[in-house]
Amino acid sequence: MLWLRLANLSKSFDGTKVLDSVSLRVEQGTVLSISGRNGSGKTTLLRIIAGLLRPSGGSVECGEGDEPPWQPARLRRELGYVSPDLALYESLSARENLDFFARVRGCTRDPNELLDYVGLGGRGDEPIGSFSSGMRQRLKLAFALQASPRVLLLDEPGVTLDEAGREVVVRAVAEQRPRGVVLLASNDPEEVALGDDVLRLDV
Amino acid sequence: MSSSKPFQLVIGVAMAVLIVLAFVVVPPSGDFESMFGDGNLARVMFFHVPCALVSFLSFVVAAVHGGRYLKRRDSESDLKSAVAIELGLFFCVIAAVTGAVFAKATWGAYWHWDPRQTSLAILLLMYAAYRALRGAVVDPETRAGVSAVYALLSIVAGTFLFFVVPRIPAMHSIHPDVIAKRGGMDPMFRTVFFYAMAVFTGLYAWIYGLSVQVRRLAAER
Amino acid sequence: MTFSAWMCSAAAVLRKDLLVEFRTRAALNALLLFAVSSLVVVSFTIGADALARETKAAFLWIVLFFSAMVGLSRSFVREEETKTADALRLAAPPEAVFVGKLLANLATLALVEVVVLPLFFGLLMAECRNWPLFLLTAALGTLGVAAGATICAALVAKASSGGALYAVLCLPILLPVLISAVNATAAALTGAPWAQAAGDLRILLSYSGIVVTASLMLFEHLWTA
């Protein structure tokens, strides 16, 4: 059974404290919503868990059952991350992007199947430089789901998406639930409602 | 330890003694007399060589602390690394200037591009590159990481250069130490020389310790 | 990750970098333009006869060095600028990223040399007395330049300034390569015996090896948070 634990996680940027001793533990089958006003540290928290940012203090650990916690490299492989900060290769097509990341990750999931899943089925061969922001967001979701992650981190996943796009997010979260955990950072009440529990970072 | 009062006193006295020894007590070098016409020129060796040695040592210190930073990610190691670079650069400039003055007095030109001078110039270049890099990165954590990696890389390059530079065909060494080793050094000269190395190393340790403390206090504010 | 999976990762990064570069051609164009115009200018102004063989050898490596400075920093700088670096961090093991980009830079330099070397021999009327030595030096020297240039590109990508800093950083790191390569190339052009160049070749080989090894060890600290 998968578990994710944060212990006294803190982050300061140049003296300003953004995260102050955040601790939590989530187990397999949980969807945790993270909310808070702008600047409360939602993105920072997810970036630290994703391994893109080093915390000033505390730790992130993830593991299965009684086994010792995973090494950072293992966690990186089991992770899927969607964020407004993320960007994919503009001069490559959607299919080429997914193909590249599949090879680099060493996974075999068919890019076409992923493209269909996120609703980009017919647009796989266009360079993503011509994509709208909503389409880019869908591709980012495909990127996150590609390696069949156990830990899914979603930062404002629905922000540029239309009705259909949001449904894809809802479906992805529902399908992810039995596989592992989902952490969803958002200020959108509908998205926050997807979670079993809410962590407020304001206080 | 290096900033304790007794140590400072010892270094101060030792330096005064060195100056007296270097300029008054040690007789003009016979070797230098025959080669360059003025035995007094040898006196520069008591100051120029230790400075060069210390500046090289300082770079190694910077690299070591850089390595420590990469392991521990603590700002203290980065601070020590940065101080070592500033100090090392200072001593490197002194070594280069004293060397150039000596060169002018003996061979008539300030700069010769013989292996030792070239090596010193390259060390100066490494210091300058390191400082440029530090200046160009805004975020303190990134800056510390990048500086540490570069310091370690430079040490590798520097070590190789030490062996590579003498191979440049156009360079034949007219550097005195190469010549002096042929005849061996006069015993008193040798003693004072090693003494000078020790004094300068102690001086370096003192200034280094002080600078680290000053930086630490400034950072805490 | 197993070694073969790791190599596949690196190959994927190489392929992607070459693909992206081929589509935009920015770096390659700048590199070629610089290299060719330098050769043309020297040939035109100084004239091939006025240069000794040693000078021609030095000039070749100066051109290659500065060409590398013009073009090779893009490999990492572009990833940070277009914000694709994070996606790469999430998907790829750090060593695979470094090796992939090293190979991409190597390929770029090799491509430039395919154009530059014939021009060098043509415009500067250089004669080569020892072809195997020349080619071996060119190969090892290119490897050394690519190795130093790649790790320095990773360093510069994190800094806020650009081109000038890159050259300043690379110079101390690449100096051993340049000195040895020039010596060995001069030996090849003048027809000196292999024994004379042997020391330089040894240095080129060992230095390249050490820079690549050190870079692999250090890169992870640089690349990840």
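Let's start with a strand pair: E5(A) runs parallel to strand E6 (residues 151-155) of chain A, and four bridges join them. Strands here are DSSP runs of E with at least two residues, helices are runs of H or I with at least four, and both are numbered from the N terminus. Two strands count as paired if DSSP finds at least two bridges between them. This is a predicted model, where local features need pLDDT of at least 70, side-chain atom pairs count only at pLDDT 80 or more, and totals for chains, interfaces and linings use all residues. Residues are numbered from 1 along each chain as its sequence is written, while chains are lettered from A and ligands numbered from 1 in the order in which they are written.

Zooming in, Val82(A) has Leu154(A) in E6(A) as its bridge partner. The pair belongs to an open, parallel sheet of five strands in chain A, ordered E5-E6-E7-E3-E8. Its edges, which pair on one side only, are these:

| Edge strand | Residues |
|---|---|
| E5(A) | 79-82 |
| E8(A) | 197-200 |

Now for the neighbour: 23 residues of chain C are in contact with 24 residues of chain A, contact meaning C-beta atoms, placed from the backbone, within 7 Å. H1(C) gives the largest share of chain C's side, ten residues.

Notes: Two residues are in contact if their C-beta atoms, placed from the backbone, lie within 7 Å.
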